[in-house]
Amino acid sequence: MIKNKRLGTEKSRDKGLGFGESRDERWLWMSGVVDDVEDPIPKIKRLPVADHHLSSPPKKPPSPHSPLSACLMGELAADKHVKYIISIEKKKDSFESVVMEHLRMSGAYWGLTTLDLLGKLEAVDKEEVISWLMQCQHESGGFAGNIGHDPHILYTLSAVQVLALFDKLDVLDIDKVSNYISGLQNEDGSFAGDIWGEVDTRFSYIAVCCLSILHRSDKIDVDKAVNYIVSCKNLDGGFGCTPGGESHAGQIFCCVGALAITGALHHVDKDLLGWWLCERQVKSGGLNGRPEKLPDVCYSWWVLSSLIMIDRVHWISKEKLVKYILDCQDLENGGISDRPDDAVDVFHTYFGVAGLSLLEYPGLKAIDPAYALPDDVVKRIFFGK
Ligand SMILES: [Zn+2]
């Protein structure tokens, strides 16, 4: 029953990660990068509910002449998604919670950002979250996925993003955190994820994004960081995880996002990359991460945010993508899955809602495509209140 294509597959273990830990154990929200092992949470099929489809409100096909906001109003089960996210914290012994244990910091970022986009961030106890979060900080300045775990640049960005959501960046020793990140930059401009030294353009994005939020971009060699990302650009216009690595939508988001934040988008061939990205939309309206792969709700974020950053989002059908994301909702219990009728998880719930926000779905806060934080939070960081 368990579609365990993500955790612990022989293929992923054979990747030669080199430090006694499979790649998936350290994955987070920008993890969809290698192979078919794309998401950090293993999937099971949604439990059958006898009248699941009967009890769902019938969906009217959008009229081709009516505006997006009018024809789709009311279909997002916002209240159910809020309840679902709040319930995850309470079910500490559930399958999902056990799986999430090591990447709880990223889970907090996914869940809390979703709540904020839905206008319900106040539903959680802010002080309790911050108290737990600060216990995840290591003496090096980096953050771990949970208390007692090792720090990693992935969780450090998640921690900083959560504090930014709550407008509590002042609880941080900014120099300590920024020194941890700048200490991970290599001579060639690339970044390691942690002391074990794995290099990946995901980490370049994280370093650039995190230091920008902390107003400490001067701590790294930005020119070298940009040059390294540009060295990972492929002939198809996309980007890989290292020079010569295959283009992949998750990696493209990281590279384009880092170039956007550093004001270096002129390095992107926008038409070429735009073509590659818009070809990710399949018949069902969903987006995949590479040619010949199945669509997945999380690519609503990776592909869409990249298309917006290079000003080519009008090259896909927004209406079809909205419908695909809405079709992946669990209308009984809340949450969004990767594909219709799969079990929901907080990762895809976040990327589904964030994708709808990018698509200007009514009732959602706007999200910034480069920082992956609500627009008002980004404005507060850079322009004050
Ligand atoms: Zn996914």
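**Entry 1: ring pairs.** I worked from a predicted model. I looked up the aromatic pairs and found 11 in the structure. I picked out Phe253 and Trp302 from these. Their ring centres are 5.6 Å apart, with 55° between the planes, and the pair is tilted. Phe253 belongs to helix H12 (residues 249-261) and Trp302 to helix H14 (residues 299-309). The two residues are 49 residues apart, and I noted that the pair links distant parts of the chain.

**Entry 2: accessibility of that pair.** I checked Phe253 and got 0% relative accessibility, so Phe253 counts as buried. Trp302 also has a relative accessible area of 0% and is buried.

**Entry 3: a tryptophan pair.** I turned to Trp275 and Trp315. Their ring centres lie 5.5 Å apart and their planes meet at 45°, so I logged the pair as tilted. Trp275 sits in helix H13 (residues 270-278), Trp315 in the loop between H14 and helix H15 (318-327). The pair therefore ties together parts 40 residues apart in sequence. I read 52% relative accessible area for Trp275, which is exposed. Trp315 is at 29%, so I put it down as partly exposed.

**Entry 4: the cluster.** I followed the ring pairs around Phe253 and Trp302. They join a cluster that also holds Tyr109, Trp110, Tyr205, Trp301, Phe347, Tyr350 and Phe351.

**Entry 5: charges over rings.** I looked for arginines over tryptophan rings. Arg104 has its charged end over the ring of Trp132, 4.7 Å from the centre. Arg280 lies over the face of Trp276, and I noted 4.5 Å to the ring centre.

Definitions and conventions: Residues numbered from 1 in each chain as written. Predicted model: local features only at pLDDT ≥ 70, side-chain atom pairs only at ≥ 80, totals over all residues. Heavy atoms only, no water. Phe/Tyr/Trp six-rings, centres within 6.5 Å; stacked < 30°, edge-to-face > 60°. Helix = DSSP H or I, 4+ residues; strand = E, 2+ residues; numbered from the N terminus. Buried < 20%, exposed > 50% of the residue type's maximum accessible area, 1.4 Å probe, protein only. Lys NZ or Arg CZ within 6 Å of the ring centre and 35° of its normal.
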